Structures are given as structure tokens and as C-alpha cells.
Amino acid sequence: MAPSVFDSIADLREAVGAWRKDGLTVALVPTMGALHEGHMALVRAARAHGGRTVVSLFVNPSQFAPDEDFGLYPRNPADDLAKLAEAGVEAAFMPPTNAIYPPGFATTVRVEGVTDGLEGASRPHFFDGVATVVTKLLLQCLPDVALFGEKDYQQLVAVRRLVADLDIPCRIEAAPTVRDDDGLALSSRNAYLSAEERRAAPRLYEVLSWMAAALSEGGTSAEAVANGTAALEGAGFARIDYLAVCNAETLAPVERVTAPARVLAAVWLGETRLIDNVPVIPVG
């Protein structure tokens, strides 16, 4: 059965209210559409909660800088809705931009600290846009749980922080990164890669994985980052926005891994920006 499609906040809230009167829980999966298997893994995790699932499909303009790919970002709503129907999703929330940002909109949500480095340094506008739209979606849907992928790890940490700080009554759950058979993390932006770039792209995950292994065995971050940078540049990654080793909870840089950590990267293949991360578990 096809999901009910809502483009009105009021209509979505009415549907959610009716489910709650029936004693049902609600799970939200926020997306920008162009759904792939990574998104569908989040959908399946949401469906496993046994209540009702809402998937938002909204390409959020406030997280794109003027020189970024908002206009080119892939959009295929018919295909998205077909995938949601196959997965048994009850509701798709597809608001127009002026429903999320009506005339006179003047409020921005900012998460300090965990957003300062990494993506926050490379794309200063990004997390204000993400935090604002996620806050709005959580308040519009009021789900019991919302699902986010570990691929956008810094985003996951920031969302957990804002939910705790603003006392939003929603549990945030993470799902592991979904990868292609060759290790490349699934992303809507992978469609931008040429055939040659696509062949080179899995090298990113390979490099991050052996960096994580070296760090788990006691290697220093400085050594791992130097070796990883050389390997990525040798594999054809034209630019490295960041390659860092950070505490898994605070995202503070670490020199030696003594607590759970993450190796995080944002790199360019041609005109395509790829992000990825892998966990680092200290040994002993």
C-alpha cells in the first residue's frame, strides 16, 4: 500500500494524533529524498519498532551554501514513494519550502562545540541549517524515536546534543553505515562520480580502515593522518577537507586512542565531495 503523503504540517500532526489515540508509537526517518539502500536500512530499523513510520522527503536549502549543489541535488519523488510503499511505510512528509521556512522566518538553531570542527569548519553554514530543520521536523512530527545514519557521524552527535539540550521528547537511534560491496559508503552524491572516479572511490574506506587498525594498536594520530593523507593523495583524491581522529562522543581531537574514537574524512574526487568515517576501538 502506498504511504499517505502529507505536504501540510497540520495534516501530518492530525494523522500522528490519530495514531497516538490508538496507542501507537511513531518513528521518524528524516531524509532529503533520492533514497538508496542506506536510507532504506533506516526505514527498516524504524519499522522494527512496530508502530507507525513517517519518512520526510525535504531537500533543505538552508544547509547548502550558494556555491554548493542545491539545484543539482538528485530528486526523484516518484521512485522514493515507490520504495517507501514497498517497505510498508505509512506516511511520507513532503512539505514545500515555504511550509518549513515561511515568509518572515527568523530563527536559527545552533549547536556549539561538537559542530565547530570537521564539517563545521569546512562548511560553516551547514550545521545551523541541519540543526534548524531537524528541530522543526521533530516538533512537527513529535515522534517517539528518530533514526539517523552513522555515515553522517558528526550530524548524529549534533542531533543527540540538540535533543538533550532542548528537552525534545524523542529518542535518537543510530544505524550503521551501509556500504556497497567494494566498501564505498552509499550516498546520493555517488551518482555524480564518473566511471573512473567510482573505481577509485572505495580507496577512501580502505585507508580509513587501516588507519583505524593502526590506531587501535597504539599508533599516534599524527602518524595515521600523515600516512592516510599520502595514501589518499596517491589514489587520486584531489583535495582533502579534513582527515581527523576524534573522540567518539565529544569529537575532540585525540593523539592516542584510549577511549572509543572515530576516524573521519571529507575528500574530493573530481567535483564530488565524499564523507566517511570508521570506528576505532582501543585495544587493552
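Across which strands does helix 9 lie? Helix 9 lies across strand 7, strand 8 and strand 9, and runs at about 25° to strand 9. Helices (H or I, at least four residues) and strands (E, at least two) are DSSP runs, numbered from the N terminus; contact means heavy atoms within 4.5 Å. Angles run from 0 to 180 degrees between N-to-C directions, and axes are lines fitted to C-alpha atoms, for helices over the stretch in contact.

This is a predicted model, in which local features need pLDDT of at least 70 and side-chain atom pairs count only at pLDDT 80 or more, while totals for chains, interfaces and linings use all residues. Residues are numbered from 1 along each chain as its sequence is written, and side-chain values use heavy atoms, with hydrogens and water left out.

The strands form an open sheet of 3 in the order 7-8-9, with antiparallel pairing. Strand 7 (239-247) and strand 9 (272-280) are the edges; each has a single partner strand, so one side of each lacks a neighbour in the sheet. From one strand to the next, the twist averages 10°. Strand 7 pairs with strand 8 (residues 261-269) over 8 bridges in the antiparallel sense, where pairing requires that DSSP finds at least two bridges between two strands. Ala265 in strand 8 is the bridge partner of Leu243.

Helix 10 lies across strand 7 and strand 8, at about 155° to strand 7. Helix 9 (residues 203-216) packs against helix 10 (residues 221-234) at an angle of about 160°, with the axes 10 Å apart.
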